[in-house]
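Here is a short briefing to read alongside the model. Have the viewer open and follow the topics one by one.

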Amino acid sequence: MRILVVGAGAIGGYFGGRMLEAGRDVTFLVRPKRAAELASAGLVIKSPNGDVTLKNPPTVQAGKFDEKFDVVLLSCKAFDLDDAITSFAPAVGPQTAIIPLLNGMLHLDVLDARFGRERVLGGLCAIAATLNEAREVVQLNPMQSLNFGERDGKLSDRVRAIAEVMASGRFGSVASENIVQEMWEKWVFLASLAASTCLMRSSVGNILAAPGGKDFILGVLDECSEVAEAEGHAPSGPFFQRTRGLLTAEGSQITASMFRDIKAGAPVEADHVIGDLIARGDAAKVPVPRLRIAYTHLKAYEKQRG
């Protein structure tokens, strides 16, 4: 099975690297600068789950494909989606399965329109990883998982085959029969965390210690959950209680990656993570006043970046 990993940053580099380490047929679609880095230093992973250096990992650049791939693992940010689609489209054949790991749901519509719904699986990952100054993939804690599956819930032959390959990477891959629900639940958690920590420019623990902080965070969680319910994907009881616990843990230093992007002056996924929830809330007549404030804040930040 030939796997094309779009990008060799923190997410693509980690999951693709683990499969490559296991001897799987993995190629990374990268820009020229990243290709030069990988050719020189290799793909270096620093992780509580074991370090590895993969010398001369297979790479390809846009416009230089000579064959189709069985699986495309898409790990880009939402604001890079259009460029990513242009770059990997020649690698997509009639039997190619695309597994996007983007946050939210808006990207599914974009991918469906370009490649056909039958080629686009659901997917999500949970990992804290970054690229350090040496351009090494650094996993920040042991947590790691990658869920994927058919959006209609069937455990198809292609999902079983992909599951076998991913299992060799030993990163907690799950062939899910409920992937769309899982994607919605991750979105609810992520949007609640991002809206709160970005707007307040601080960690969950510091927000909780401020007057009205707990009420604000839980209000955001309620808004996100109500939009999900209106879309037919109400968060499950265990998920909601676990998420509520994470968002009300006193002293917690947890922040959203979007907040860390703001501190770094980097682009953010305002429209994909927050804006789309607001649009869906409006369509379902679900009030989302806290999300609107957070969205205005993020769009003002984007304007400031230029």
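**A quick tour of the fold**

Let's start at one residue: Glu150 is in contact with Leu121, Ser156, Arg158, Val159, Ser176 and Ile179, leaving aside residues up to four places away in sequence. Please keep in mind that this is a predicted model.

**Around Glu150**

- Glu150 sits in the loop that links strand 9 (137-149) with helix 5 (157-167).
- Is Glu150 buried or exposed? Its relative accessibility is 11%, and buried means under 20%, so Glu150 counts as buried.
- The side chains of Glu150 and Ser156 are joined by a polar contact of 2.6 Å.

**The annotated domain**

- An unreviewed UniProt entry lists residues 3-152 as "domain: Ketopantoate reductase N-terminal".
- Across residues 3-152, the chain is 37% strand and 27% helix.

- Five strands form an open sheet in the order 5-2-1-6-7, and their pairing is parallel.
- At the edges are strand 5 (59-60) and strand 7 (92-100), each of which pairs on one side only.
- Strand 5 pairs with strand 2 (residues 25-29) in the parallel sense, over 2 bridges.
- Which residue of strand 5 is the bridge partner of Phe28? That partner is Thr59.

**Helices across the sheet**

- Helix 1 (residues 10-21) lies across strand 1 (2-6), strand 2 and strand 6 (69-74). Helix 1 runs at about 155° to strand 2.
- Helix 5 lies across strand 1, strand 6 and strand 7, and runs at about 60° to strand 7.

**Nonpolar cores**

- In soluble globular proteins, nonpolar side chains tend to be buried together.
- The largest nonpolar core here has 67 residues, and Leu4, Leu74, Phe88 and Leu291 have the most contacts inside it.
- With 13 residues, helix 6 (residues 179-200) gives the most to this core.
- Another core, of 33 residues, lies apart from the largest one; Val26, Leu73, Leu121 and Leu146 are among its members.
- Leu74 touches Val6, Leu81, Ala84, Phe88, Ile99, Pro100, Leu101, Leu102 and Leu111, again leaving aside residues up to four places away in sequence.

Conventions:
Residues are numbered from 1 along each chain as its sequence is written. This is a predicted model: local features need pLDDT of at least 70, side-chain atom pairs count only at pLDDT 80 or more; totals for chains, interfaces and linings use all residues. Side-chain values use heavy atoms; hydrogens and water are left out. UniProt positions are given in the numbering used here, feature names are shortened, and annotations may be inferred rather than shown by experiment. Helices (H or I, at least four residues) and strands (E, at least two) are DSSP runs, numbered from the N terminus. Buried means under 20% relative accessible area, exposed over 50%, partly exposed in between (1.4 Å probe, protein chains only). A polar contact is a pair of N or O atoms within 3.5 Å; within protein, one must be able to donate a hydrogen and the other to accept it, and residues adjacent in sequence count only if both atoms are side-chain atoms. Contact means heavy atoms within 4.5 Å. Two strands pair if DSSP finds at least two bridges between them. Axes are lines fitted to C-alpha atoms, for helices over the stretch in contact, and angles run from 0 to 180 degrees between N-to-C directions. A nonpolar core is a set of buried Ala, Val, Leu, Ile, Met, Phe, Trp, Tyr and Cys residues joined through side-chain atoms within 4.5 Å.
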